[in-house]
Amino acid sequence: MKALVQNGRLIDPLQGIDEICDIHIEGGRIQEVRKRGGAEARKKKNPAVRAARLPGYQVIDATGMYVVPGLIDLHVHLREPGFEHKETIKTGTGAAARGGFTSVCCMPNTRPVNDNASVTEFILSKARVEGSCSVLPIGAITKGQKGEELAEFSLMREAGCVAFSDDGRPVMDSLLMRRALEYSRVHDLPVISHCEDLALAASGVMNEGLLSVTLGLRGTPAQAEEIMVARDISLAELTGGRLHIAHVSTAGSVEIIRAAKRRGIADVTAETCPHYFSITEEAVREYDANAKVNPPLRRQSDVEAIREGLRDGVIDAIATDHAPHHRDEKEGEFDLAPSGISGLETAVGLAMRLVADGVLSMTMLVEKMAVNPARIVGNGGGTLKPGADADLVIIDPRREYRVDAGDFASKGRNTPFGGWLLPAVPVVTIWKGKVYTWE
Amino acid sequence: MGLKTKDLVGIKGLDRDDIELILETASGFKDILGRDIKKVPALRGRTTVNLFYEPSTRTRTSFELAAKRLSTDVINISVSTSSIVKGETLQDTALTVQALGADFIIVRHACSGVPHFLAPRLKASVVNAGDGTNEHPTQALLDLFTIREKRGKIEGLDVVIVGDILHSRVAKSNIYALKKLGARVRLIGPPTLVPPALGELGVEIFSDMDRGLEDADIIMMLRIQMERQDKGFFPSTVEYFRNWGLTKRRMGRAKKNAVVMHPGPMNRGVEIASDVADGKHSVILDQVTNGLAVRMAVLYLLGGVRG
């Protein structure tokens, strides 16, 4: 399988490239990246012409489009094994590919929990057969995600886990979290923390404030997140462990992480999700359970702070926290609906709004969605250097996309962005040389 | 004449004219309730279903009687809370009820927003009989009706609401309704149970009951749920009564002709002393009678919308 992506604007921060290039792909790898712009390049034969003569070359015209390294999502829920009515590895990776992702890190809250090597192996074998992108499993921090004893980090790592997290269930015991961060130093893998003080969160179902009171919904204060962000940064400082903070949703968390990074004494990285920089708690006003997510949607001032945190580098990554649910689970009582947004297929469009708004440059967007995630999980991706896996995505900045959950590749149609007009959309995803073209 | 909407899900969605119309209509029905023959044929042939997911005697009985006085057929369905989690979905139950030919579905549910979920999905008129900690609109309407009956007006009155504002759907609906009709509203209670965010709605908040009661025209007491003590909202009912119980002595702080209200059922000796509950300021039983007239008005006016 050979392909030529021609005349697109390649943005590859690790190579320092932001210009029109042609990219040769062969055997699932990047063969060559040839810049179009310079006089020297112009002297050489037009690669398109050359390619057209070569049999077996698939030529992809990327004129007027961005060509970027395949996106890496640090935070998805593929739901398999155990919750196949919500999503499967097949449909989840299909949604990822559609959304421009060539790798996804899947959280361990399946049934059974991915807290041992055999579950990790099951996920990876399933992904090898049915996957449309690379699957990088995240193992549980504690057995059964019960927050009682550490899971087998080394055995899970050998099986292919790239990080550890009890996502959805914070490790409330500070001593155990200390041990996790200490023990993880054996492997140089990050511990990903879902920061939520469960007692303070008090089973809240939305952000606490006037709106929660006037809707009669239990509120969770921003402090339930911030206290745990501060705790985990302190523990990272104490232990020297690598801490990655999942789904940052509040201005206070951004400030705490900013201060920690300035002091430079803890090894900490952080992600946020498109919904936290795009919408506020107002989205739940009509009791729309599609806007129920944990941590909850916050206020405009939080949205602004998160955008600023992305701009100034406090927040390293944009992850989706793709959390598909069955329609029947989201239809009904708001209190009883599970939390989560099906996010893989709207992430690029929502992130491109940040570019349109001048919050991020295209280079920064690629850093947040490919380069930094690759660094955090150490999978060697995030660049189109010759020899690298041919994982890339072509984004058409002139093609607007009207979000219609009915068209999602994901089984999860739970999105608060239905009907939104997003400014750009992935049109081609190439994973290990395999070309997916989206209509 | 009728309301602009098919449903009554909350006071938040009503404007002043809607409220005035309901109160005026209720006044006519109250006259009918004073007659020997208390039944009118206004909604003959219609069917009312009381769909109660929470136990209730007062509100359910009041709606049932109101519906019967208007000559509708009435069915009571009590769904135990355990089957919410496991059994039939909310939507399926509601559609089933509608398929039985219900014109009015009176719904009470422990989860906020349930009437708002059902209303657009059903052809029947949905009336909120209390949803979680959100609203209890007919209670607020009957409270307004009672205030106006006792004091001749609502605008400009100083109304205090005392107790567990955070969890009280009655308090929420009353705050919205009283503000819409131009009353001044004060909230009194332990800071654990009075969310400061409500100050943004232009109400005053007090933790000191004596100060909060100063020159009040209307005193609305709320029922204190005993389980709030277990959750640490206050240390004991004895201490609660000491700080926020309505006693004869405290009544001296309010206006001489102050009116004492309570949505019931009361915890005597916890939020209200018996001599106050049974005393001359108390209009608690008038509230019950007026509830009937107000609920008749609501059903009648919604029936008008459906034609």
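Author: In this predicted model, 29 residues of domain 1 of chain A are in contact with 42 residues of domain 2 of chain A, where contact is taken to be two residues whose C-beta atoms, placed from the backbone, lie within 7 Å. As a predicted model, it has local features that need pLDDT of at least 70 and side-chain atom pairs that count only at pLDDT 80 or more, while totals for chains, interfaces and linings use all residues. Residues are numbered from 1 along each chain as its sequence is written, and chains are lettered from A and ligands numbered from 1 in the order in which they are written.

Reader: Where do the two domains of chain A run?
Author: Domain 1 covers 2-67 + 388-437, and domain 2 covers 70-377, with bounds that come from an automatic or database domain assignment. Their C-alpha centres lie 28 Å apart.

Reader: Switching to the chains, how many residues does each give to the contact?
Author: Chain B gives 20 residues and chain A gives 16. On the chain B side, α4 (90-99), α5 (114-118) and α7 (169-180) each give two or more residues, and α5(B) supplies the largest share, three residues.

Key
Helix = DSSP H or I, 4+ residues; strand = E, 2+ residues; numbered from the N terminus.
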